[in-house]
Amino acid sequence: MRLASAWKQHAKYESGGADRLLLARLVMDGPRRATDLASDTLLDLSTVSRRTRSLVNRGLIERRPDPEDGRGALLTATEAGCAALEQYRHERDSEVAAILQGWTPEDRFQLVRLLTHLNDDLLEHHNARQCPGGRSGVSAEDREI
């Protein structure tokens, strides 16, 4: 819970953090309603509404009518949004690589091993809470790390 809370606060107050988080969810998961996006990212709907309005104004996402419910709208990443997210990922990867440059190969290996183990356990815990009997049809091997 502390990790989720810290992630939420970081995304909410870091310059552009919420924008990148929302954009990443739309790029990875496809079109979403604002309410679903808020739930997925653990952000308040008011924050999502403000940030998506900014993303629309900058041409990084667009609103389309929801084909299942004409009263609602789906948010979708644009090509410019996908390119902006890729640029952010490149910058983040370069920063992490610079930080880890002084680490030994064994330390880097252990970091990857332990983070993979944590991700697997978090996914297993999430799936157990989401589905009766702990089965969701998604295994650690089925998702991207």
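Strands here are DSSP runs of E that hold at least two residues, numbered from the N terminus, and it is in one of these, strand β2, that Leu 74 lies. The model is a predicted one. Leu 74 has a relative accessibility of 18%, and because buried means under 20%, it counts as buried. Although Leu 74 and Arg 63 are 11 residues apart in sequence, their C-alpha atoms are 5.6 Å apart in space. Beyond its neighbours within four places in sequence, Leu 74 is in contact with several residues, including Pro 31, Arg 32, Arg 33, Glu 62 and Asp 66. Two of these names return in a network of salt bridges, which links Arg 33, Asp 66, Asp 69 and Arg 71.

We can turn next to the nonpolar interior. In soluble globular proteins, nonpolar side chains tend to be buried together. The largest nonpolar core in this model has 17 residues, of which Leu 22, Leu 26, Leu 37, Leu 43, Val 48, Ile 61 and Leu 75 touch the most other members. Two or more residues are given to this core by each of α2 (17–29), α3, α4 and β2 (69–77), and the largest share, 6 residues, comes from α2. Ile 61, apart from its neighbours within four places in sequence, is in contact with Leu 23 and Leu 26, with Thr 52, Leu 55 and Val 56, and with Leu 75, Thr 76, Ala 77 and Thr 78.

The axes of α2 and α3 come within 10 Å and cross at roughly 110 degrees, so α2 is roughly perpendicular to α3. Where the two helices meet, Leu 21, Leu 22, Arg 25, Leu 26 and Asp 29 of α2 face Leu 37, Asp 40 and Thr 41 of α3, and the residues of this contact divide into 4 nonpolar, 1 polar and 3 charged. In the loop between α3 (34–41) and α4 (45–57) lies Leu 42, which has a positive phi of about 65 degrees although it is not a glycine, and which is partly exposed at a relative accessible area of 37%.

The structure holds 9 salt bridges. One of them joins Asp 19 to Arg 51, with the closest N and O atoms 2.6 Å apart, and this pair links helix α2 with helix α4 across 32 residues. Asp 19 also forms a salt bridge with Arg 58, again with the closest N and O atoms 2.6 Å apart; here the partner lies in the loop between α4 and β1 (61–66), 39 residues away. Asp 19 is buried, with a relative accessible area of 9%, whereas Arg 51 is partly exposed at 26% and Arg 58 is partly exposed at 44%.

How values were computed:
Residues are numbered from 1 along each chain as its sequence is written. This is a predicted model: local features need pLDDT of at least 70, side-chain atom pairs count only at pLDDT 80 or more; totals for chains, interfaces and linings use all residues. Side-chain values use heavy atoms; hydrogens and water are left out. Helices (H or I, at least four residues) and strands (E, at least two) are DSSP runs, numbered from the N terminus. Buried means under 20% relative accessible area, exposed over 50%, partly exposed in between (1.4 Å probe, protein chains only). A nonpolar core is a set of buried Ala, Val, Leu, Ile, Met, Phe, Trp, Tyr and Cys residues joined through side-chain atoms within 4.5 Å. Contact means heavy atoms within 4.5 Å. Axes are lines fitted to C-alpha atoms, for helices over the stretch in contact, and angles run from 0 to 180 degrees between N-to-C directions. Angles under 35 degrees count as roughly parallel, over 145 as roughly antiparallel, 65 to 115 as roughly perpendicular and the rest as oblique. Ala, Val, Leu, Ile, Met, Phe, Trp, Tyr, Cys and Pro count as nonpolar, Asp, Glu, Lys and Arg as charged, and the others, Gly among them, as polar. A salt bridge is a side-chain nitrogen of Lys or Arg within 4 Å of a carboxyl oxygen of Asp or Glu.
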